[in-house]
Amino acid sequence: MFTTTISSRHRRRGGALLILIWTTTLTLLPVAVEPKSIRPFSCDQSNPSTKSLPFCKLKLPIGIRARDLVSRLTLDEKVAQLVNTAVAVPRLGIPGYEWWSEALHGVAEVGGGEVPQGIRFNGTVHSATSFPQVILTAATFDRRLWYSIGQAIGKEARGVYNEGQAKGMTFWAPNINIFRDPRWGRGQETPGEDPLMTAKYAVSYVRGIQGHSFQDAGADNGDHLQASACCKHFTAYDLDNWNGVNRFTFNAIVSKQDMADTYQPPFQSCVEKGRASGIMCAYNRVNGVPNCADYNLLTKLARGQWGFQGYITSDCDAVSIMHDDQGYAKSPEDAVADVLKAGMDVNCGSYLKNHTKSAVEQKKLPISEIDRALHNLFSVRMRLGLFNGDPSRLLYGNIGASQVCTKEHQRLALEAARDGIVLLKNSNGLLPLSKTKTMSLAVLGPNADAPKTLLGNYEGPPCNSISPLQSLKGYVKSTVYHPGCDFVNCSDPDIAGAIEIARKADYVVLVMGLDQTQEREERDRDDLVLPGKQQSLIQSVAKAAKHPVVLVLLCGGPVDVSFAKKDPKIGSILWAGYPGEAGGIALAEIIFGDHNPGGRLPLTWYPKDFVRVAMTDMRMRPDPSSGYPGRTYRFYRGRKVFEFGHGISYTNYSYKFVSVTQSKLYLNRMSPHDSDRSTRYLSVSDMGTELCEKARFSALVGVENRGAMEGKHPVLLFVREGGTPRKGKAIKQLVGFESVRLKAGERAEIEFELNPCEHLSRANEDGLMVIEEGPRFLMVGDEEWPLTIEA
């Protein structure tokens with residue numbers, strides 16, 4: 001028999017790193033091959049032994065059906081359902097189920113060998129649309145586009161399931177942690193550093209993938225789910241492995257203030273507005289308590305205050321580390337009892353399967369906590385339609401292989417890459433290059449002909465993938481390529497060979513940056529510069545070239561390229577993130593002017609000396625007494641290479657405030673209390689939803705394309721306090737954004753709806769959101785509009 005043993009230590013993820021340890025014995029058994037197109041489901045109406053069971057009666061509410069099902073399970077059967085690979089219960093006609101599937105920016109396979117996989121590309125469907133990595137999609141600042149991507153991913157996920165290549169329909173995405181530190185290897189998976197923007201991304205993606213409408217998660221299909229989304233990693237998780245500190249044992253010390261206005265808002269929106277059906281609790285501790293064992297976090301906050309209706313999973317092996325690594329739980333049974341009592345429902349891993357029954361026998365865990373968890377788990381499976389009989393006859397049953405990798409989805413991937421790529425520098429209008437006058441082109445760099453690098457992490461097999469080199473060759477027949485370095489680490493560059501090619505070409509494009517060897521899950525960066533001798537290669541080539549060169553950067557996190565920003569021989573800089581399967585095409589189109597770049601940075605690009613700041617310091621706000629500079633555009637007061645929201649275009653845009661419906665707001669009119677006393681601030685929680693809605697006002701902003709080229713442009717609206725920001729207050733805060741497409745000379749007006757409770761409030765030191773009196777300014781570009789909040 002050939003068996004596998006998975007090293008628990010390295011099986012952990014929310015990510016792609018899986019290390020298998022193989023052991024063998026000498027007997028070989030035949031391998032069973034699952035028949036093609038077998039869709040696992042329950043309550044087959046042709047099966048007389050199950051169709052009469054109450055949990056199979058579709059007219060009953062899902063809550064009643066789930067309770068009936070759970071009541072029929074033995075303790076052993078219950079325990080076997082508490083892990084990601086839930087086994088079948090044949091006597092009740094319940095098939096096995098895999099909770100762990102991935103779809104961060106496209107449906108993806110996870111693991112390999114005997115590692116559980118919800119999705120397999122081993123049948124009719126052998127690939128899926130690979131959209132840009134999230135950090136680049138975020139740079140579009142286009143909520144409708146984000147929603148469309150979620151819709152496409154959800155449809156392809158259902159198509160894979162309907163072809164019999166999926167054992168589950170629960171996808172552990174999106175990653176909505178704040179990109180707090182530029183070194184974080186997983187920052188590429190997130191929408192960036194701004195809480196409001198991250199929250200809006202979460203809502204758009206979740207509504208799309210789950211099959212709900214763009215405007216209202218409850219408007220379509222009732223409780224039915226096209227696929228299930230999971231908000232991760234709850235909460236304050238943004239360190240993987242830095243300076244000897246890893247995510248498994250890290251204790252994040254977070255103030256109530258930072259928790260309220262930075263770390264929690266994306267999760268609150270994901271639950272309240274997106275109506276996500278899943279949450280993943282993170283590995284780390286927060287203020288001493290493991291996230292997966294925090295009753296206040298999982299039950300009181302998520303379920304109680306936010307109204308979460310769904311299941312909560314651990315990150316993989318996050319329960320075992322509470323005992324094995326953190327020493328938080330005294331025994332395995334204590335760890336199991338802690339997480340189930342806290343409100344967690346399913347364990348990615350085997351710990352609950354191994355230790356839950358003994359926890360019950362030791363009277364550390366009541367069976368009612370197991371039943372509560374199973375009720376949540378089976379409710380989600382029922383919402384997915386997996387207990388409603390033959391799925392082919394139900395909602396979403398007609399989605400198949402023909403709706404995976406469609407031309408429409410591939411066009412959408414190209415649109416996202418085009419609109420996300422950010423033009424950081426364009427001296428003297430170097431770009432776009434002329435399609436008719438560029439007779440020869442040199443394409444250099446280790447990322448120029450690396451189509452896999454375009455995908456980023458958590459990637460699935462793409463429908464198609466064309467490298468930047470291949471795409472650029474389509475524009476210039478006489479294109480010559482030289483990698484410059486064999487690998488991205490660029491330890492031994494062939495500078496002489498690259499120079500020789502560069503000298504002969506009319507123009508030079510260098511495709512440099514990072515890849516997954518430099519930044520990924522379990523791999524945070526040590527510095528913020530280009531790896532190895534990349535900078536030396538770039539500068540040498542630029543000096544030798546006939547004209548200023550074009551520098552393309554593939555990377556998730558920011559890189560200090562101050563040298564290139566200042567060098568006149570480096571005429572243009574493009575940041576392309578990891579632009580997905582169509583990224584090579586999008587880059588070529590932008591370089592040669594078939595598309596006008598409009599992306600804007602969703603994160604601050606810090607200088608290289610920012611690495612002096614400890615990655616373990618979770619504080620957002622600066623501390624002048626210790627020299628701590630703060631984090632993100634909201635609070636960081638140091639030098640920047642490029643600012644949040646930076647991005648230029650081949651055209652010019654101007655802004656003007658047309659009108660604002662309220663320039664003065666009065667706290668006493670928004671107060672829920674009848675009192676003549678003037679007040680300097682109001683608590684948002686005291687005001688309540690009705691008063692907050694009544695206080696809404698709008699700002700109308702005019703935008704004009706004053707250039708000669710059509711473009712798509714994100715308009716960002718900020719608010720700032722008048723005067724110098726006081727201690728603990730943001731320099732400025734994003735309060736709205738809309739993307740608009742304008743032809744040359746065209747003008748449009750954008751209306752921003754503002755809610756003072758959401759957009760003009762801040763967290764005080766007790767973690768309460770308050771609206772305070774004083775002057776404010778709405779800001780768009782260089783334009784400002786004064787607001788006053790009076791007692």
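**Exercise 1.** Classify Glu459 in this predicted model as buried, partly exposed or exposed, and describe its salt bridge.

*Solution.* Buried means under 20% relative accessible area and exposed means over 50%, with partly exposed in between. Glu459 has a relative accessibility of 23%, so it counts as partly exposed. Its salt-bridge partner is Lys452, with the closest N and O atoms 2.7 Å apart. Lys452 has a relative accessible area of 56% and is therefore exposed.

**Exercise 2.** Determine which parts of the chain the salt bridge between Arg634 and Asp261 ties together.

*Solution.* The side chains of Arg634 and Asp261 meet in a salt bridge at 3.8 Å, N to O. Arg634 belongs to helix α20 (residues 632-635) and Asp261 to helix α7 (residues 256-263), so the pair ties together parts that are 373 residues apart in sequence. Both Arg634 and Asp261 are buried. A search of the whole structure gives 44 salt bridges.

**Exercise 3.** Describe the packing of helix α5 against helix α6, and then the setting of Arg207.

*Solution.* Two packed helices are described by the angle between their axes and the distance between the axes. For α5 (residues 143-162) and α6 (residues 195-210), the angle is about 35 degrees and the axes are 6 Å apart. The crossing of α5 past α6 is right-handed. Residues in contact include Trp146 and Tyr147 in α5, and Tyr201 and Arg207 in α6. By class, this contact has 7 nonpolar, 5 polar and 3 charged residues. Arg207 has a relative accessibility of 10% and therefore counts as buried. A polar atom of the Arg207 side chain lies 2.9 Å from the backbone oxygen of Lys273.

Notes:
Residues are numbered from 1 along each chain as its sequence is written. This is a predicted model: local features need pLDDT of at least 70, side-chain atom pairs count only at pLDDT 80 or more; totals for chains, interfaces and linings use all residues. Side-chain values use heavy atoms; hydrogens and water are left out. Axes are lines fitted to C-alpha atoms, for helices over the stretch in contact, and angles run from 0 to 180 degrees between N-to-C directions. Helices (H or I, at least four residues) and strands (E, at least two) are DSSP runs, numbered from the N terminus. A crossing is left-handed if the near helix is turned anticlockwise from the far one by less than a right angle, and right-handed if clockwise. Contact means heavy atoms within 4.5 Å. Ala, Val, Leu, Ile, Met, Phe, Trp, Tyr, Cys and Pro count as nonpolar, Asp, Glu, Lys and Arg as charged, and the others, Gly among them, as polar. Buried means under 20% relative accessible area, exposed over 50%, partly exposed in between (1.4 Å probe, protein chains only). A polar contact is a pair of N or O atoms within 3.5 Å; within protein, one must be able to donate a hydrogen and the other to accept it, and residues adjacent in sequence count only if both atoms are side-chain atoms. A salt bridge is a side-chain nitrogen of Lys or Arg within 4 Å of a carboxyl oxygen of Asp or Glu.
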